[in-house]
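These are my notebook entries on a single structure, set down in the sequence in which I looked things up.

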Amino acid sequence: MNKAWLFDVDGTLTPSRRSMDPEFRIWFCEFMSTNDVYLVTGSDYAKTVEQLGTTITENVECVYGCSGNDVWKNGRNVWYNNWQLPNIAETFLTQCLNESMFEIRTGNHLERRPGMVNFSIVGRNATHEERKQYVEHDTKYNERNQIVKAFNTMFGDEITATAGGETGLDIYPVGKDKAQIIDDFSEYDTIFFFGDRCDPAGNDYTLAQAVSALSGRGSYYHVDGWIDTYEKLQKMLPINA
């Protein structure tokens, strides 16, 4: 029976929107040399390369970018979903942006990716300090989860919103979230999934539930940052195992 190791990126292998820790990178590359590793991220491929480097992204078994809607193998794009966000949903998100009490706006609030969009009140152009300020705001007012709830109430029959990373929302057609990748694995695979947003409002939730439902062939680990991932892996499977 084959073992497949699946990892979210932001908040799981790296600090959110930042590069991988050098020590962890070295260890992880050795881990990859003896284990089948897959990346499952809400980010696009370019951002994943920026955070992890080509040594990792071109040598894992597969990179499932954009929540599985943009698939890369050996540095080559092998499939993508060309879905576009409907105008009415975009209008709703624009209204949420305009009504937010958080005053900092950095631009690139609605980033279109293959098969999905990422929505951010602070904007994708935010600095680390600006992102930190938004995290504090979101923690206090629970803004993202409120937007998720309102969006899914209005559009949930066709489109789903989930909280991804520290500041954004991932939005995609129903059924085109991270859980869709489970179809690429066989009944002979044992799957281990690591993610930092396995809570019901998070973008790792559906895949965590799909893995958990594999009748003894799957386990997921809800981690609290990359250090937690690193420590759990070292305990579970030393690189020379």
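**Entry 1: Lys178**

I located Lys178 in the loop between strand 9 (168-173) and strand 10 (189-195). I note at the outset that the model is a predicted one. Is Lys178 buried or exposed? Its relative accessibility is 0%, so I recorded Lys178 as buried, the cut-off being under 20%.

I then looked for a polar partner of the side chain. A polar atom of the Lys178 side chain lies 3.1 Å from the backbone oxygen of Val40. With neighbours within four places in sequence set aside, I listed the contacts of Lys178 as Asp8, Val40, Thr41, Gly42, Ser67, Asn203, Asp204, Thr206 and Leu207.

**Entry 2: helix 1**

Which residues of helix 1 are buried? In this helix, residues 22-34, I found Phe24, Trp27, Phe28, Phe31 and Met32 to be buried. They span an arc of only 145° around the axis, and therefore sit on the same side of helix 1. The general rule is that an α-helix has 3.6 residues a turn, so residues three or four places apart point the same way.

On the face turned away from the buried side I noted the exposed residues Pro22, Glu23, Ile26 and Ser33. I next asked what covers the buried residues of helix 1. The cover includes strand 1 (2-7), strand 2 (36-40), helix 3 (54-57) and helix 8 (226-236).

Residues up to four places away in sequence not being counted, Thr55 touches Cys29 and Met32. Met32 is among the buried residues of helix 1. I also took the C-alpha to C-alpha distance from Thr55 to Arg25, which is 9.6 Å for a separation of 30 residues in sequence.

**Entry 3: His109**

I placed His109 in the loop between helix 4 and strand 6 (110-113). With 14% relative accessibility, His109 counts as buried. How far do polar atoms of its side chain lie from the backbone oxygen of Ile121? I found one at 3.0 Å from that oxygen, and a side-chain polar atom of His109 also lies 3.3 Å from the backbone nitrogen of Gly107. Beyond four places in sequence, His109 touches Leu97, Asn118, Phe119, Ser120, Ile121, Val122 and Gly123.

**Entry 4: positive phi values**

I looked up two residues other than glycine with positive phi. For Cys66, phi is near 50°. Cys66 belongs to the loop between strand 3 (62-65) and strand 4 (70-73) and, at 0% relative accessibility, is buried. For Asn142, phi is near 55°. Asn142 lies in the loop between helix 5 and helix 6 and is partly exposed, at 38% relative accessibility.

**Entry 5: cavity and pockets**

How many cavities of 30 Å³ or more does the structure hold? I found one. The largest cavity contains about 160 Å³ of space. Its lining comprises 20 residues, with Asp10, Ser43, Gly164, Gly165 and Asp170 nearest the centre. By class I counted no nonpolar, ten polar and ten charged residues in that lining.

I then went to the largest pocket, which holds about 430 Å³. It is lined by 21 residues, and those closest to its centre are Val135, Arg144, Gly165, Glu166 and Asp196. Helix 5 (128-141) and helix 6 (143-155) are the elements that give two or more residues to this lining, and helix 5 provides the largest share, four residues. The class division is four nonpolar, nine polar and eight charged.

The second largest pocket holds about 200 Å³. Among the residues lining it are Phe92, Cys96, His137, Tyr141, Gln146 and Ile147. Helix 4 (87-99), helix 5 and helix 6 each supply at least two residues of the lining, and helix 6 gives the most, with four. By class, I recorded six nonpolar, three polar and two charged residues in this second lining.

Key
Residues numbered from 1 in each chain as written. Predicted model: local features only at pLDDT ≥ 70, side-chain atom pairs only at ≥ 80, totals over all residues. Heavy atoms only, no water. Buried < 20%, exposed > 50% of the residue type's maximum accessible area, 1.4 Å probe, protein only. Arc of directions from axis to C-beta. Contact = heavy atoms within 4.5 Å. 1 Å grid on protein atoms, 1.4 Å probe; cavity = no way out; pocket = protein on both sides within 12 Å on 5 of 7 lines; lining within 4 Å. Points joined across faces, edges and corners; volume = space filled by probe spheres on them. Nonpolar A, V, L, I, M, F, W, Y, C, P; charged D, E, K, R; others polar. Polar contact = N/O pair within 3.5 Å; in protein donor to acceptor, adjacent residues only side chain to side chain.
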